[in-house]
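This report describes selected side-chain contacts, helices and backbone features of the model shown below.

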Amino acid sequence: MISENRQAALRPLDSTGERQAIDFETPQKFKAVTRTNISACPEWESLDDDLREGIEVVSAVLPFRTNKYVMEELIDWNAVPDDPIFRLTFPHRNMLSPEQFDTIKTLMGGDDKDALKAAIRDIQLELNPHPAGQMTHNVPTVNGEPVPGIQHKYDQTVLFFPAAGQTCHAYCTFCFRWAQFVGLDDMKFATKDVEQLIGYLKEHPEVTDVLFTGGDPMVMKTKIFSRYIDRILEDPELGHVQTIRIGTKSVAYWPQRYVTDADAEDLLDCFRRIIASGRTLAIMGHYSHPVELSTPIAQEAVRRIRDAGANIRMQSPLIRHVNDDPETWAELWNTGVRLGCIPYYFFVERDTGARGYFETPLHECHRIYQEAYRQVSGIARTVRGPSMSAFPGKVHVLGVQEVGGEKAFILEYLQSRRGDLVRQPFFAKFDPEATWFDQLEPLSERDVKYFPGSWPELTGEVEGTVPLTVAAE
């Protein structure tokens, strides 16, 4: 929740006692804050030794990057370390196991840099860097060769990873794509070659949606982003591509991208070209907490994006220590709807990275979702969840009920590698500790077919994309 003091601080009083006017004209310089320069920030001195040590050690293994806007406008330093945006952007020692933490701390204090590098790599590989078959089952092939920078898991939607978009204005500590940012080059998704994307789309007329993702595609300069977009818009053979999606956290971490950046208006013009082509433009806004929508410039960014003809869909996982209570979610959805955004997905924290620090049992995820859902009107009930983006598809937790005398999870696929299973309810044995789909077991023989262990086409090594027949999202 956003405190009254926090709300009042967003627009300080001027000498007359009135709220200061908002300057949406003067460009603001983006200033990244990383492990190499954080000690120069005045906020660093406000942290106790234990917090500073945690940041220094964990950021050697997992990515750390924030910026001055996040630090000065979104974090309440009087509430640190429990401030939700601080938890969302600053590493904490408990993101690693005690053994992992002590190993890195000890090696950082020595002279053996090779041993430190090897230990870091070993821990990173233990953290499931690419969950849900991203490397093994989502990468398509053309003439038997994998197509770099593309994922195609569901028929209608292709994910595209432009090379110039493989960083973010700030990194979320829970990020399931953290492996893109820590030097695991053999596990990166990225490409500069738009022609491969165009060729692939021409061969796949079932694709209606192209999702630009990363990293964050909105770190790109508009002239670079426009080259990709205009290539799609200008090709007469790509009429089947009806929706452009942009997955981005910039709306929360650097809303200046749409307001005061030097090429902000050029970007909005690019958005207008997409709309003028007869297509839909969906900004998949990664909003994790209502504070991210509380500043005047964040709200102005929403207004300008919507005025350009795009819609903004709000999505985030439930993140322990950040938004693990119903009131926060209800406030986020209500604020978004008031500004014209569309609540879209309530995700479950993925099984990767520092999952042990952020994950929440599935039954608790459902309780929080249900209690938040009750607090909003029908206009905000477009949100779907709790949803797990798991290996077989998007698994929706519908609830917990007694079935045949046994407590069970009621589940369904919102999307699946097997389209014939979409929107068919099925059951899993109730497990109060389960935080992810692969920890669940079928309730009965009837439910076995919904679990990928029974799918012969998904067992063993599979080259390229698994054949897909999927209902539209």
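## Contacts, helices and backbone

S288 is buried, at a relative accessible area of 2%; buried stands for under 20% relative accessible area, exposed for over 50% and partly exposed for what lies in between (1.4 Å probe, protein chains only). The model is predicted, and local features need pLDDT of at least 70, side-chain atom pairs count only at pLDDT 80 or more, while totals for chains, interfaces and linings use all residues. Residues are numbered from 1 along each chain as its sequence is written, and side-chain values use heavy atoms, with hydrogens and water left out.

S288 belongs to the loop between β9 (280–285) and α11 (296–307). Helices (H or I, at least four residues) and strands (E, at least two) are DSSP runs, numbered from the N terminus. The S288 side chain makes polar contacts with the side chain of K249 at 3.1 Å and with that of S316 at 3.2 Å. A polar contact is a pair of N or O atoms within 3.5 Å; within protein, one must be able to donate a hydrogen and the other to accept it, and residues adjacent in sequence count only if both atoms are side-chain atoms. K249 also has its charged end over the ring of Y253, 4.9 Å from the ring centre. For such an arrangement, NZ of Lys or CZ of Arg must be within 6 Å of the ring centre and within 35 degrees of the ring normal. R417 is placed likewise over the face of F391, at 4.6 Å from the ring centre.

**Salt bridges and aromatic pairs**

The whole structure contains 25 salt bridges, each being a side-chain nitrogen of Lys or Arg within 4 Å of a carboxyl oxygen of Asp or Glu. Three of these pairs are tabulated.

| Salt bridge | N to O distance |
|---|---|
| D235 and R231 | 3.2 Å |
| E364 and R367 | 2.5 Å |
| R446 and D447 | 2.8 Å |

Aromatic pairs number 28 in the structure. Rings of Phe, Tyr and Trp (its six-membered ring) pair if their centres lie within 6.5 Å; planes under 30 degrees apart count as stacked, over 60 as edge-to-face and the rest as tilted. One cluster linked by ring pairs consists of Y413, F426, F437, Y450, F451 and W455.

Helix α7 (residues 194–203) has V194, L197, I198, Y200 and L201 as buried residues. These cover an arc of only 165 degrees around the axis, which places them on the same side of α7; the arc is that of the directions from the helix axis to the C-beta atoms. At the start of α7, a side-chain oxygen of D193 comes within 3.0 Å of the backbone nitrogen of E195.

Helix α14 (residues 362–374) holds both E364 and R367, three residues apart, about one turn of the helix. E364 is partly exposed at 24% relative accessibility, and R367 is partly exposed at 32%. The buried residues of α14 are L362, C365, H366, I368, Y369 and A372. Viewed down the axis of α14, these buried residues fall within an arc of 165 degrees, so they line one face of the helix. The end C-alpha atoms of α14 are 18 Å apart, in agreement with the 18 Å that its 13 residues should span at 1.5 Å a residue; the expected span is 1.5 Å times one less than the number of residues.

In helix α2 (residues 49–58) lies E56, which is partly exposed at 39% relative accessibility. E56 and T36 are 20 residues apart in sequence, with a C-alpha to C-alpha distance of 9.5 Å.

**Backbone features**

Most residues other than glycine have a negative phi, and most peptide bonds are trans. A cis peptide bond joins V80 and P81, with omega about 15 degrees; P81 is in the loop between α3 (68–74) and α4 (84–89). Another cis peptide bond joins G385 and P386, with omega about -10 degrees, and P386 is in strand β12 (residues 384–389).

H321, a residue other than glycine, has a positive phi near 80 degrees. H321 is in the loop between β10 (311–318) and α12 (326–339) and is partly exposed at 28% relative accessible area. R423 is not a glycine either, yet its phi is positive at about 60 degrees. R423 occupies the loop between β14 (406–416) and β15 (426–429) and counts as exposed at 52% relative accessibility.
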